[in-house]
Amino acid sequence: MTHVEPFNPDGDPEHGADVIPLHKLKPPVSDVDPMPDMAPTEDAYEVPVPVDAPAPARLSWRESVRGEKRQPILPAWLLSRDALKEQVRWVWDHYTHVFAFHAVRVPVYAGTLALRSPQGAGRLIGGAFRWVTDADGRPVRANAIQRADAAEYLKLAKHRDGRIRLRATILIAATLAVSILMTALILAGPTWGAVLAFAGIIGGLGFLGAPNDRPVVGPAVVKPQVQKLSSHIVLRALGALGIAGINQAMTKGWGPRAFVAPITRDGPGWRADVDLPYGVTAVDIMERRDRLASGLRRPMGCVWPEPVHDEHTGRLVLWVGDQDMNQVTPPAWPLARSGAASLFKPLPYGTDQRGRQILVNLMYANMLIGAMPGMGKTFALRILLLAAALDVTAELLVWELKGTGDLSPFEKVAADYGSGPDDETCEAALRSLRYVYKDLERRAKVIAGLPKNVCPENKVTPELAAKKSLRLHPLVLAIDECQELFAHEKFGKEAESLAVAVIKRGRALGVILVLATQRPDKESLPTGVSANVGIRFCLKVMGQLENDMILGTSSYKNGLRATTFTLKDKGIGYLVGAAPDAQITRTYAVDNDAADKICDRARAAREAAGTLTGYAAGQTTDTDRGLSYDLLADVLAVIPPSEPKVWNEVVVDRLAELRPDGYGTWAALDVKAKSAQLTTALKPYGVPVGQVWGTDDATGKGANRRGITRDDVTASITKREGSRGSD
Ligand SMILES: Nc1ncnc2c1ncn2[C@@H]1O[C@H](COP(=O)(O)OP(=O)(O)OP(=O)(O)O)[C@@H](O)[C@H]1O
């Protein structure tokens with residue numbers, strides 16, 4: 001129950017309305033004194049005037065209850081599907097491990113028990129003898145003899161005789177029963193029954209014979225010595241941070257009032273909600289994460305202090321994990337095996353330290369990923385591109401300027417692709433940027449020309465993106481190791497100005513720029529880019545400068561320090577801009593082999609949707625993109641496999657919808673001219689045009705008209721590819 005108390009900064013029990021003598025206040029300042037004669041005398045300031053509102057009268061039950069915050073009914077891990085899956089998976093993994101551990105040791109256990117069974121038999125016989133002879137009563141009887149208390153001794157001896165008789169009878173009967181049972185089992189029962197009974201007896205005797213300090217069965221798991229998080233430990237750690245505000249508050253008895261909720265289990269760790277002393281902020285604690293970890297006696301990767309965004313800045317949530325974040329097995333990417341994505345919806349990107357899923361919404365944003373080499377930058381980029389690939393409407397332009405082929409799976413789906421640090425690849429990447437910039441202008445014109453009721457916010461919406469004829473589909477340009485392009489002596493300047501323009505204007509137009517770099521300095525990452533990008537992901541970096549280049553100015557000062565990650569923290573970084581607060585995120589890890597399979601799936605989906613274009617569709621993209629088209633590939637793209645024969649005029653209309661600036665003029669011709677235009681255009685490729693049966697959409701009537709078959713187009717492409725290969 002939370003009690004609402006009057007504001008009382010010093011914790012003074014007598015507190016009510018505080019009084020400040022006004023002589024301690026300055027007289028009111030005014031440039032022009034309207035009544036100089038009426039100015040208050042010195043004495044007038046001596047009159048104490050209350051400056052604090054009087055303490056409110058006792059709050060009614062309703063008033064005090066309304067201020068209370070409700071705790072979630074279900075624990076956080078039950079509310080998140082991923083966290084729940086993680087818990088179930090952990091239980092399954094744990095018990096299968098325990099089972100397998102003991103199963104492979106069964107022969108060892110059996111041998112040990114057999115060896116220890118004679119000793120067990122000895123212990124059993126000795127124990128039975130002591131029980132029958134009432135050995136426990138011996139000291140009492142000896143005491144009676146010592147005291148020469150004949151009456152007492154006789155009483156005890158009589159009692160013992162009766163007890164021995166009864167116990168001996170029970171023992172003989174039990175021994176007889178077991179012997180008869182065993183004999184019957186051996187003579188008349190099934191062999192397995194006898195073997196089982198024999199094994200049971202040997203096993204039982206073996207257990208009895210085991211020394212106390214060496215049990216037969218060892219533990220399958222060793223419990224890590226995770227200390228329960230208590231208020232004492234938290235206060236001890238906070239007090240060791242060297243923050244004057246905390247130390248002063250502690251001397252005034254702040255400690256017991258520091259916790260706003262009980263310390264609880266939250267996912268695979270403990271959570272403490274703390275109200276820091278006045279003037280101390282959660283960021284002050286985050287800045288000293290290393291010292292906090294020392295105070296808590298836990299590895300750094302377990303200690304995660306965070307602010308609470310809808311609370312005051314002194315509210316701290318301290319989450320202390322059982323395991324270092326980099327030791328936890330990362331969950332599989334939810335789209336790895338099945339499913340499609342939409343860039344208009346948040347994409348699964350990774351998990352936070354508590355195992356909760358982290359989503360990234362790329363639409364209307366741009367993203368910058370940075371890290372020192374080998375920390376997981378390419379993995380972080382690959383996940384986003386895989387999600388984009390699974391959105392069949394998205395056009396992908398992928399450049400990997402390191403030359404290792406880390407993004408090679410995207411060759412199958414990207415409209416433009418290149419790998420290498422050489423001048424040619426950099427120039428080709430620049431051409432891609434030019435194309436995006438040009439398309440930006442076209443998109444802006446299309447949007448400006450749309451009626452207000454269709455496009456009220458002057459930005460691309462899912463509905464507009466779905467209209468093929470508008471060509472406002474999501475356009476994703478990704479450049480890995482972008483420093484190679486921006487620092488290029490010949491292409492760098494142009495690339496910079498284009499990238500800045502794309503970042504500034506592309507958001508609303510469905511254009512997304514994703515950049516990754518391992519050298520975040522002024523030359524390699526233009527300030528115009530780093531200052532304007534919306535989403536930032538920073539894995540381990542070496543210094544404050546790189547940290548702030550990626551995460552934004554003053555991030556280091558505000559406690560976002562990617563320098564504190566260790567070299568083992570691969571794939572773990574600060575994600576800024578994807579949610580109101582910065583999030584510690586470990587990206588889902590999908591390697592190149594797995595990405596290859598996902599891209600196969602994405603390609604099949606794109607083929608079915610007719611959106612496989614450019615590089616992936618085998619079109620030549622040597623010339624400036626968007627200025628030349630591959631007619632054969634475009635024709636194939638507009639004829640689905642379900643339609644083996646199509647009239648020429650229908651193909652032309654569809655081509656114009658696919659690329660209005662390329663084939664728009666054809667569509668403006670009359671029906672006869674349209675058909676003749678396509679026949680002429682297809683002639684060089686050897687695609688035969690003949691009479692084909694089709695149905696007129698307008699009248700619903702069937703007719704024979706000039707047209708082509710899909711198989712002929714496919715055969716021409718195959719022939720062309722074959723001759724290219726033999727060149
Ligand atoms: N989310 C992750 N979880 C676990 N391991 C990861 C994760 N991301 C990356 N790694 C590991 O880190 C290694 C390096 O990743 P990656 O190739 O993405 O680094 P990079 O920063 O791009 O390196 P370079 O700068 O050399 O290209 C990978 O081989 C992988 O084993």
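How do the residues of the shell around the ligand divide into nonpolar, polar and charged? There are six nonpolar, six polar and four charged, where Ala, Val, Leu, Ile, Met, Phe, Trp, Tyr, Cys and Pro count as nonpolar, Asp, Glu, Lys and Arg as charged, and the others, Gly among them, as polar.

Bear in mind that this is a predicted model: local features need pLDDT of at least 70, side-chain atom pairs count only at pLDDT 80 or more, and totals for chains, interfaces and linings use all residues. Residues are numbered from 1 along each chain as its sequence is written.

Back to the ligand. Of the 16 residues around it, Gly376, Lys377, Thr378, Phe379 and Gly571 come nearest; being near a molecule takes a C-beta atom, placed from the backbone, within 6 Å of it. Helix H12 (377-389) and strand E16 (583-587) are the elements giving two or more residues to that shell, and H12 gives the most, with three. Helices (H or I, at least four residues) and strands (E, at least two) are DSSP runs, numbered from the N terminus.

Now for a sheet. Strands E17, E19 and E18 form an open, antiparallel one in the order E17-E19-E18, where pairing needs at least two DSSP bridges between two strands. E17 (645-647) and E18 (690-695) are at the edges with a single partner strand each, so one side of each lacks a neighbour in the sheet. Six bridges join E18 to E19 (residues 702-709); one of E18's residues, Thr695, has Gly702 as its bridge partner in E19.
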